[in-house]
Every structure is written in C-alpha cells, then in structure tokens.
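Hi everyone, thanks for coming.

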Amino acid sequence: MTNSFNCIATSIGSMPTVDPESAVKLSFQYLPEAPFWPQLPQRDFCEQMHAQYSESLPGLKIDREGRKIWIDTTGDFTPAFEIFFERYLARDYGFFRITETYAPGFYAFLHALQNEPLSKLRYVKGHITGPLTLGTSFKDETGKDIIHNEMFFDALVKGLAMKALWQIEELKQFGKPVVIFIDEPSMESLGSAFCAVSSQVVAEKLDEIIDAIHELGGLAGIHCCGNADWAMIFNTKADIVNFDAFAYMNKVLLYPGDIKKFLGRGGALAWGIVPTGAFTGNETAELLVSKLEAGFQLLRQEGIALQTILRQSLLTPSCGMGSLTMEKAEAILKLLREVSDRLQSLRTLERRTGQE
C-alpha cells in the first residue's frame, strides 16, 4: 500500500521543555496533519531516550539521582524471563506500557487528541528508541554492551516492539493511521571499529520490530540523523526512512537503485530538511525548498517521477530538539511548517518545477 503523504510535516521525538502541555500545544500548532508526542529529556532522567523505554526489562537497575541505568545480568532471572516472555506471547500491551512518570508527553498528547479540534489530522506519530542504539546504550554490571548478551538483548528487542504496539493500541482510537519512528542515532557507528555488530543482525532486529508494528496496522519509520548503511536501511521492511537531508542528502542519494526499489514498494522518504544542532536562525524557507528541489532532481534523473517523490515524502527537522532552547525549537517548527506549506502548494510546484 502506498501512502500519499504529499510533503506533510512531522517531527522527531524530543522537545526542550519541562512542560508537556506546552510541548504538545506546539506539536499541534505547527504539525496539525501529523502531530507527535514529545519526549522531555530536560524534565527528568527517565525521559532520556535509553531510559524512557526501559520499564519491564528483566534485570533493570536505575539510579535516578546518579543518572545511571544498567542491566544486572547476575543471579537467576528465570522467573523474570518467564513472566516477560509469557506477557510478550500473550500480546499483553498493558504490561509493556510506558507509565506517565516516563512519558508525561504521551499522556498530554492523548488528552489533546481527545479535546482538540482535529480537522487537519491525517496521521498520529509515536516513537521508540531503536535496538542498536538501546543495545549499545545499556551496559551490564561489567560495563559490556547488552547487545552482546543474547538473552537480554532478545528481551530488549521484544520489549521495544511491545512498547510500539502499546502506543498503537492507545492511539488508534482516533481513527487515523499511527506512525511509529524507530530512532537509531547510533546507526552511523555501524560497521566502524566502535561497533562490533553486523548489519545483518541489526536489520533482522529492526524487521522484527517492524513486523510487530504492522500487526496492528501501524506504519514503521526508521530515523537516523547521521550517515549510515543506507542500502541496508532501505531494504528493511520500513515504510518510512527519515534522514538528515540538510547535512547528508548527497550521502543518502548515492543509493538511487535502493531508493527506487523502496519507493516502488510504497515506501516514503522523510526529509529532515530543517537543521537542529546546526540551526542558526538564518535559514529560510526559500533556501530549504531549493535544497530539496536539488535532491528531487537527482532522483528524477534516475527515472523517479516528481509526482511519486512528492506523494511519498514527508518533512521533518534533521533530529530531535531536546538539547535546544524553546525559542530555537519553535523557530525550527515554524520554518518546517513554511517549507511544508510551500511544497504542498500546487501552484508553487508548477511554477518551480513544471508539471510531470
């Protein structure tokens, strides 16, 4: 199935505020077609991207005051694993829920969906941290990455899948497709001396989570804000691939064959066109639209119709905004809105690129 996104805008998870209601308000104000629930890492350690999805994991240890989290693999965890996998096989979504302590932005988002006018709403967006990023963020009691412990890593992957399904179960009541982004900032380390994990293993774990998302009719996106093994990513079962189009567009577009195949099976490109960490405030909608048009042109040269590109594209910031100021975050969302509006304007498209 091909989704007609037509260059609507959404965002990556994090926002730089401690107030969930104000973050949700900005999400609906600037992204009414595809709002997202905000992570608030400045609010609490439990909202860091590795801690936020940790509840229910066997062996989990958290020192909130010391801002440390790890997995204790010592001792007999047989009873804990039996309960965990029993609940997983039963698809007990509630067992894997993210509580309000860990994600107040999600609950504020639900409240807004229940009470705000939703005339422009087309999609709702949630997110989880990806298996590579989480598997290399969590350490065992010796400091070794949990990704190298087969049993605990398997539980981590299945726990992430269930947290995605819990979000879909909560959000599908609003009658719109639910998009879940799998956030993988560590993907750029894959294949380097700093990451002793194969692309094949990562692809298999991503597809395991994506298969689960598809069970409940959700759409799965993969977000990577650096350079990555794009051929591998485009050949997963993902419905959306989100990349930093401001800094890495030319790197991604080095894989036109994989992109063409991806779009041909109905996949969508989420262009992270508004910079976050590199945002200066001098960027303009004209500049970013021109940059996108240059990317579109490269794909057109590979025989991909502009009509297809525009239909199967979304726009986002290049990464999350949790480390910024609120002034910068709102400026980024406002600029993203302007770029999306320009690309959705048929008159503007006809004037700039001609009609296919």
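**Pocket, sheet and cavities**

The largest pocket here has a volume of about 430 Å³. Its lining has 26 residues, and the closest to its centre are Ser-14, Cys-319, Gly-320, Gly-322 and Ser-323. By class, that lining has 11 nonpolar, 12 polar and three charged residues.

A word on terms. On a 1 Å grid over the protein atoms alone, a pocket is an open set of points with protein on both sides within 12 Å along at least five of seven lines, a cavity is a set where a 1.4 Å probe fits but cannot get out, and lining residues have an atom within 4 Å of a point. Points are joined across faces, edges and corners, and a volume is the space filled by probe spheres set on them. Ala, Val, Leu, Ile, Met, Phe, Trp, Tyr, Cys and Pro count as nonpolar, Asp, Glu, Lys and Arg as charged, and the others, Gly among them, as polar.

Please keep in mind that this is a predicted model: local features need pLDDT of at least 70, side-chain atom pairs count only at pLDDT 80 or more, and totals for chains, interfaces and linings use all residues. Residues are numbered from 1 along each chain as its sequence is written, and side-chain values use heavy atoms, with hydrogens and water left out.

Now, the sheet. In what order do the seven strands of the open sheet come? The order is S1-S9-S8-S7-S6-S5-S4, with parallel pairing. Strand S1 (8-9) and strand S4 (124-129) are at the edges with a single partner strand each, so one side of each has no neighbour in the sheet.

Let's look at strand S8, residues 268-274. Seven of its seven residues are buried, so S8 is largely enclosed by the rest of the structure. Buried means under 20% relative accessible area, exposed over 50%, and partly exposed in between, with a 1.4 Å probe and protein chains only. Four bridges join S8 to strand S7 (residues 240-243); within that pairing, Ile-240 stands opposite Ala-268 and Asn-242 has Ala-270 as its bridge partner. With strand S9 (residues 313-317), S8 pairs over five bridges, and Leu-269 stands opposite Ser-313.

Let's turn to the cavities. How many cavities of 30 Å³ or more are there? The count is two. The largest holds about 40 Å³ of space, and its lining includes Phe-5, Ile-8, Tyr-123, Ile-240 and Leu-314. That lining divides into eight nonpolar, one polar and one charged residue. The second largest cavity, at about 30 Å³, is lined by Leu-57, Pro-58, Ile-71, Ile-146, Phe-152 and Leu-156, which count as six nonpolar residues.

Last, the backbone. Most residues other than glycine have a negative phi. Cys-7, in the segment before S1, has a positive phi near 65°, and Cys-7 is buried, with a relative accessible area of 1%. Arg-91 also has a positive phi, about 55°. Arg-91 sits in the loop between helix H2 (78-89) and helix H3 (104-115) and is partly exposed, at 22% relative accessible area.

Key:
Helices (H or I, at least four residues) and strands (E, at least two) are DSSP runs, numbered from the N terminus. Two strands pair if DSSP finds at least two bridges between them.
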